[in-house]
Amino acid sequence: MSSNTPASRAWQHRAGELGDRLPTGFQIGASSSAFQIEGGARDGGRGESSWDAFTRQGGRILDGQNASVSADHIGKLSDDVTLLSELGADLYRFSFAWPRLQPDGRGALHRAGVAFYDRLLDELLGTGISPMAALSHWDIPLALAGGWLNRDTAWRFGDYAYQMGELFGDRIDAWVTLTEPATVMFNGYAIGVHAPGQTLLFDALPAAHHQLLGHGLAVQGLRAADVRGRIGITNAHTPVQSATDREADRTAATLYDLLQNRLVADPVLLGRYPDPAGEFETELRMLHEIEPDDLRTIHQPLDFYGLSYSQPTRIAAGARGPVGEDGTGPALNRLPFHTEVFREHPATGFGVPIAPEYLAVALTELRDRYNEALPPVYVTAGAGFPDRADVRGEVTDLARIDYLAEHLLAAVEAVAPGGPAEGVDLRGYLVRSLLDGFEWEAGYTQRFGLVYVDVTDPARPRTPKLSYTWLQHVLSSR
């Protein structure tokens, strides 16, 4: 876009104004995850992941694609670090590919995988970008039979964390043990729309508990390795409201809030699971049966808590659609609740409501629920749209600029003096994401990146979108 058009002048002005309002020391960066962008599925002895197997199952991915090449971050690492540096990012949150480093989920770390991340960390630190590294972002070694349903996977994860800490502990500023464990449990094990594709409904709860046990063991492992960086976890939090004031809808909303938000934050921050009282006590009975030693392991002191935000959720009682007389049907149709659309808000390309005011609600709920137990917070938020390059090869993603401006401002204003979430120690905001990549069940039909990637030919140069240039202006205006 030409720099003298009215639209261009508008977003430049907003960028400078927003940059002026950012608190001193507030960090802004970009995020990514290994499976979504790395490619190199067979490089250097990388093992199969749960998501590799899932993408081979017919009908699982919207466009029938896979992530074997994706954005080819493996091959274009230096180019991508240069993009981060030219953006002016303070930090970069990436994830290690557990199958690339430990193909069987146990044993010594694989030399080729170590070499890739050695290079990534050296290049980030060489350009002054602070590394924030997640030990796992949804992709786990397929060789771990049963995945997170198997308690042994938690112990394998703790051992892996210790080895990673010994190897990289002097160069990583912040460690994320797990990314969005509630999403992994619900989408992957309860309703089957993510890997490994199981439809266990409430019998999926052990997958959540084993992830949290793995988190606690990983924190212990990292501390035993004497890492210098801070340690935390990230979960997707959504403000939940009932569709009506009917008691059934309120009860269903409370249940959803427990499964998505409190199932992770309560044991991690308070050392206990939420009480599964009411009519769903039978479905949630597993929460009554947890060993106290497990909860002590899960409840480790943390240096920060990651809030992954995308939307509010409106819940109504009852199944989404018809269920057969024998009780069968899609897993979503067999749940005792369903989501309803926020018609009063515009939506992203994914159909997600764009409601930045609810980010303030999410921060306020964290403060009110956890008070002194809540450590400093980092927010991750971004939006997917079906971006297209124009005839000049440019991507004018004004909707993403609006999204980022509104959500970043909402976060900063929420925690400012007099704001609804005053008292939350908000340390930074991570834009999801740096690059276009594989968007899980949506394949390549939606794009989240600040940088456009031609997934039909990832060898072609990256194309920074207008949102990338906008964020450059924000960061240079601080």
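Analyst: The lining of the second largest pocket is made up of 14 nonpolar residues, six polar and no charged. Here Ala, Val, Leu, Ile, Met, Phe, Trp, Tyr, Cys and Pro count as nonpolar, Asp, Glu, Lys and Arg as charged, and the others, Gly among them, as polar. Keep in mind that this is a predicted model, where local features need pLDDT of at least 70 and side-chain atom pairs pLDDT 80 or more, while totals for chains, interfaces and linings use all residues. Residues are numbered from 1 along each chain as its sequence is written, and side-chain values use heavy atoms, with hydrogens and water left out.

So how much space are we talking about? The second largest pocket holds about 220 Å³, and of the 20 residues lining it, Ser50, Leu142, Gly147, Tyr189 and Pro196 are the closest to its centre. A pocket, on a 1 Å grid over the protein atoms alone, is an open set of points where a 1.4 Å probe fits, with protein on both sides within 12 Å along at least five of seven lines; lining residues have an atom within 4 Å of a point. The volume is the space filled by probe spheres set on the points, which are joined across faces, edges and corners.

Now for the helices, which are DSSP runs of H or I with at least four residues, numbered from the N terminus. Helix H3 (50-55) and helix H8 (181-190) each supply at least two lining residues. H3 gives the most, with four residues.
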